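Colleague: Please bring up the model. I have some questions about its packing.

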Amino acid sequence: FSPPHPADLNRLKDPDRLALALPTPGRYYTQPARNYEALGAAFFAAGHPDQALRYLEEAPRDNSRVLFAIGKIHLQAERWEPARKSFNDGLKLAPDSADGWNSLGAVEVGVGNPQAALRDFDKALALRPDMPSALLNAGQAHIALGDRDAGEKLYRRALEINPQDAT
């Protein structure tokens, strides 16, 4: 770190300092804008989901990644209806997202609807047959529906794919 140049310190006292800080008109390639998606992702990665949600809700809703991120924050907080809406909206934009279907199924498990959850997990597994989280979730849904054998079979298949996840 080096100290600021004395001339720069004098500019702080200049009444036109705001004009000096901004680029001159006509020099933009694109209009400067806040990247709410990136800010939300950074807050989420840093472990601040509520702050992330504030930024992600300002991001354009034409991006499935944004909608899925909003849904995951609501899912973790057990806010089922906003999570369901975000995942459904995201799946309209990206119907081939196995993660989206798996997460929507997790919402259905949360609200106590294992039959609907199983449909969503099956869609995820149709897209990615070796997705361990969808296999485990589908196994959980089968057990909740009373089909212990099918649930156990899915658990074993998930362990074959990812043997380190034996917990």
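Colleague: What percentage of the 167 residues of the protein chain count as buried?

Modeller: This is a predicted model, where local features need pLDDT of at least 70, side-chain atom pairs count only at pLDDT 80 or more, and totals for chains, interfaces and linings use all residues. Residues are numbered from 1 along each chain as its sequence is written, and side-chain values use heavy atoms, with hydrogens and water left out. Buried means under 20% relative accessible area, exposed over 50%, and partly exposed in between (1.4 Å probe, protein chains only). Of the 167 residues, the buried share is 30%.

Colleague: How many helices and how many strands does the protein chain have?

Modeller: Helices (H or I, at least four residues) and strands (E, at least two) are DSSP runs, numbered from the N terminus. Along the sequence the pattern reads α-α-α-α-α-α-α-α-α-α. The count is ten helices and zero strands.

Colleague: What share of the contacts with a separation of 6 or more comes from residues 24 or more positions apart?

Modeller: Contact means heavy atoms within 4.5 Å. For residues 24 or more positions apart, the share is 35%.

Colleague: Is H3 roughly parallel or roughly antiparallel to H4?

Modeller: Axes are lines fitted to C-alpha atoms, for helices over the stretch in contact, and angles run from 0 to 180 degrees between N-to-C directions. Angles under 35 degrees count as roughly parallel, over 145 as roughly antiparallel, 65 to 115 as roughly perpendicular and the rest as oblique. H3 (residues 36–45) and H4 pack at about 170°, with axes 7 Å apart. The pair is therefore roughly antiparallel.

Colleague: How many nonpolar, polar and charged residues are in the contact of H3 with H4?

Modeller: Ala, Val, Leu, Ile, Met, Phe, Trp, Tyr, Cys and Pro count as nonpolar, Asp, Glu, Lys and Arg as charged, and the others, Gly among them, as polar. By class, the H3–H4 contact has nine nonpolar, two polar and one charged.

Colleague: Which residues does Leu 53 contact, leaving aside neighbours within four places in sequence?

Modeller: Leu 53 lies in H4 (residues 49–56). Leu 53 counts as buried because its relative accessibility is 9%. Beyond those neighbours, its contacts are Ile 70, Ile 73, His 74 and Arg 79.

Colleague: What is the relative accessible area of Val 66?

Modeller: Val 66 sits in H5 (residues 64–76). Val 66 touches Glu 37, Leu 56, Ala 59 and Pro 60, not counting residues up to four places away in sequence. Val 66 is buried, at 2%.

Colleague: At what angle do the axes of H6 and H7 cross, and with which hand?

Modeller: The axes of H6 (residues 80–93) and H7 (residues 98–110) come within 9 Å and cross at roughly 155°. That makes H6 roughly antiparallel to H7. A crossing is left-handed if the near helix is turned anticlockwise from the far one by less than a right angle, and right-handed if clockwise. H6 passes H7 at roughly 155°, and the crossing is left-handed.

Colleague: Which helices do the buried residues of H8 pack against?

Modeller: H8 (residues 114–127) has 14 residues. Its buried residues include Leu 118, Phe 121 and Leu 125. They pack against H7 and H9.

Colleague: Is His 142 buried or exposed?

Modeller: His 142 is in H9 (residues 132–144). Its contacts include Leu 118 and Leu 154. At a relative accessible area of 17%, His 142 is buried.

Note on methods
The expected span of a helix is 1.5 Å times one less than its number of residues.
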